Amino acid sequence: MSDPSTASIVSTPPSTNPNEVGAPTDAGLPGNARKEKPRGLLGDAWRDLRRKPLFWISAFFILIFVVMAAFPSLFTSGDAVNGTLANSRVGPSGDAWFGYDVQGRDVFARTIYGARASIVVALLSVMGTLLIGGTLGIIAGYRGGWVDALLSRFADIFFGLPFVLGAIVILTTFNGADSSNSEWQIMALVIMSLSVLGWPVVMRLMRSSVLATKEADYIVAARALGAGTGRIILKHLLPNCLAPLLVYGTILVGSFIGAEATLSFLGIGLKTPVVSWGIMISEAQNYIRVSPYLLFFPAAFLVTAVLSFVMLGETVREALDPKLR
Amino acid sequence: MSDILVSEQSATGADGSGRPSGRLLEVEDLRVEFRTRDGVAKVINGVTYHVDAGETLAVLGESGSGKSVTAQTIMGILDTPPGFVTGGQVRFHGKDMLKMSAEERRRIRGEGIAMIFQDALSALNPVFTVGFQIAEQFRVRRGMSRADAKKRAIEMLDQVKIPNAKGRYSNYPHQFSGGMRQRAMIAMSLALDPEVLIADEPTTALDVTVQAQIMDLLAELQRERRMGLILITHDLGVVADVADRIAVMYAGRIVEEANVYDLYAKPAHPYTLGLLDSIPRMDEKGQQLRTIKGLPPNLMNIPPGCPFNPRCPMAQPVCREKLPPLLQIGSGRASACHFAEELVNRD
């Protein structure tokens, strides 16, 4: 097959060959095999997910972060943008739970307001990356031949661009020091540059897992039973190639939150007065020794968010793999 | 070289002019080659066979003899490249499938001709339940509602004798045993009621007792539905039970075609003779197994004359020069050996 590192997370089964005549007829039957309407893959996955505490925990956190991003004022009445310099680097207290930063701004309020930019940027860039990379990967892997060669070389070009350098080029072009883009325009630009620079990895991942899967007998069997190309790709190829993508996607959420912070730190990403965890972390790094809480709180939120996404991805992947049910 | 391969003189007595013969599925003078970096491998060199409704044709041959590639060409699932059809016809109800549009061919698959595979585990999609995969065909090809399709799928599972079909409907392939999987695979192939079923070594991955059950099931379903069945196998034991006619393949050609009794009683080709002789026998216990000496020819470089001549114990000078055509000898049987008559008439 192809790359062994991806083969292990592709859900194509090893060819085991049990020889028993017939397992006990109720072996493996769900205990509640009552009259149900036919379920698809997603129905089964959902039924499986509902039973997992890990799913509920991570979903709960993600829900909180999403609400936080949408309605930050529900969580805090503080001002995330304006501060009093007199409060500069005052530690956590009853008034300001997370203390004040160098400019005397409420760190708790800033952390809450920072969720929006961080989560929106990370989620949308991951979706963009998976969409571009996944689509091109399927096309390259399934069609093969010159299409594959062309797309792969194209991906190599983007892969060859150093991430930070590429982002600097894109963002200074469209979001230079003298540009007057709005908060959302900047976010869109950051999302675009992250997606444009991130898709080649996803494309390779998808391509190799399509290459491994498309030779499988069930794809040939589907063709032999008269399935069309669209059906083969969507029904037979995609569900079997999704697992590695899902895993990579959830990991990517974390690294994109970090990447957004890097770009903000370099002054080409989001800019004050916009708040993001990345901006807060990069601002805090000069004061780690004197005021560690400046780093601790946004970092803790970041870690929790990333962990939640990773756990969610993991449980979803397990739910989508029938053998782990 | 093609002028020597006398396809029209095959066992069918056909005149080879594409007439509507009433045959269900005919393969005529099919030629397939694999173009690889190392050269061109001539995998199928003029295969001719046919199958009628309610008839079982066994295609026998060792690995690499081209029996599976013939089946893939019939189904239109040959990998192109490297595989290319360079000649011949595959007629279904008298129409040449090789000249049909992709869409026309796709419609025949499943409903006209279906295929079951050797390893049912890998031939079932691991992420969908077995029932769903059968029902999918009813929904997509017959436009049935989900509930109706499920009902039909359960009926199919029942027909292939899967116990507790209703409960098994929502099981995944990995929850089935080997034999059950092959049954499910059969149910899936037969869902759209095909007229011809191609079974590519359906029992190779199973143990002997299950093999017998699956073969019985196939034979029974075939009788009930009056299907044409092409059974591809290298197992002489499997063949004897169920086949009506046998076509023996060697190096991409049919070397002998006969009904089961004739073939086993009096093989008309030294290769068939060798195959039959290599079946282990109880009364020779402890002795060395008999084999056919040598290896099948390299398909990129098939020896001149009869491709079997380097391994043939009866080879004469003529065998190295002239390719023996598949000629009719007696009623309903044919052999591609210069000495077929002598073989049949000995002792």
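The following questions and answers concern a predicted model.

Me: How many helices and strands does chain B have?
Reply: Chain B holds 347 residues, of which 50% count as buried. Its C-alpha atoms fill a box of roughly 70 × 55 × 40 Å along the principal axes. The secondary structure of the chain amounts to 13 helices and 12 strands.

Me: What percentage of the contacts in chain B with a separation of 6 or more is due to residues 24 or more positions apart?
Reply: The contacts in question are those in chain B with a separation of 6 or more. Residues 24 or more positions apart account for a share of 64%.

Me: Which strands of chain B are the edge strands of the open sheet?
Reply: In chain B, 8 strands form an open sheet with mixed pairing, in the order 6-7-8-3-9-10-12-11. An edge strand here pairs on one side only. The edge strands are strand 6 (113–116) and strand 11 (327–328).

Me: Which residue of strand 9 of chain B is the bridge partner of B:V59?
Reply: Strand 3 (residues 56–60) of chain B pairs with strand 9 (residues 245–250) of chain B in the parallel sense, over 4 bridges. In strand 9, the bridge partner of B:V59 is B:A247.

Me: Which residue of strand 2 of chain B stands opposite B:T36?
Reply: Strand 1 (residues 25–36) and strand 2 of chain B run antiparallel and are joined by 10 bridges. A hairpin of 2 residues connects strand 1 of chain B to strand 2 of chain B. Opposite B:T36 stands B:G39.

Me: How many of the 13 residues of strand 2 of chain B are buried?
Reply: Strand 2 of chain B covers residues 39–51.

Me: Which residue with a positive phi follows helix 1 of chain B?
Reply: Helix 1 (residues 67–75) of chain B has 7 of its 9 residues buried, so the helix is largely enclosed by the rest of the structure. Among these buried residues are B:V69, B:A71 and B:I74. The helix is followed by a residue whose phi is near 75 degrees, namely B:G76.

Me: How far apart are the end C-alpha atoms of helix 5 of chain B?
Reply: Helix 5 of chain B comprises 14 residues, 146–159. At 1.5 Å a residue, the helix should span 20 Å, and the model agrees with this. The end C-alpha atoms are apart by 20 Å.

Me: Which helices do the buried residues of helix 5 of chain B pack against?
Reply: The buried residues of this helix are B:A149, B:K150, B:A153, B:I154, B:M156 and B:L157. Seen down the helix axis, they fall within an arc of 155 degrees, so they line one face of helix 5 of chain B. These residues pack against helix 4 (130–142), helix 6 (165–168) and helix 7 (178–190) of chain B.

Me: Which residues does B:I230 contact, leaving aside its neighbours within four places in sequence?
Reply: In soluble globular proteins, nonpolar side chains tend to be buried together. Beyond its sequence neighbours, B:I230 is in contact with B:V51, B:L57, B:V59, B:A71, B:V196 and B:I198.

Me: Is B:R226 buried or exposed?
Reply: B:R226 lies in the loop between helix 8 (208–225) and strand 8 (228–233) of chain B. Its phi is positive, about 50 degrees, although B:R226 is not a glycine. With 12 other C-beta atoms within 10 Å, B:R226 is exposed.

Me: Is A:S291 buried or exposed?
Reply: A:S291 is found in the loop between helix 10 (277–284) and helix 11 (293–320) of chain A. Its C-alpha atom is 9.5 Å from that of A:G99, although the two are 192 residues apart in sequence. Because A:S291 has 20 C-beta neighbours inside 10 Å, it counts as buried.

Definitions and conventions
Residues are numbered from 1 along each chain as its sequence is written. Chains are lettered from A and ligands numbered from 1 in the order in which they are written. This is a predicted model: local features need pLDDT of at least 70, side-chain atom pairs count only at pLDDT 80 or more; totals for chains, interfaces and linings use all residues. The expected span of a helix is 1.5 Å times one less than its number of residues. The arc is that of the directions from the helix axis to the C-beta atoms. Two residues are in contact if their C-beta atoms, placed from the backbone, lie within 7 Å. Two strands pair if DSSP finds at least two bridges between them.
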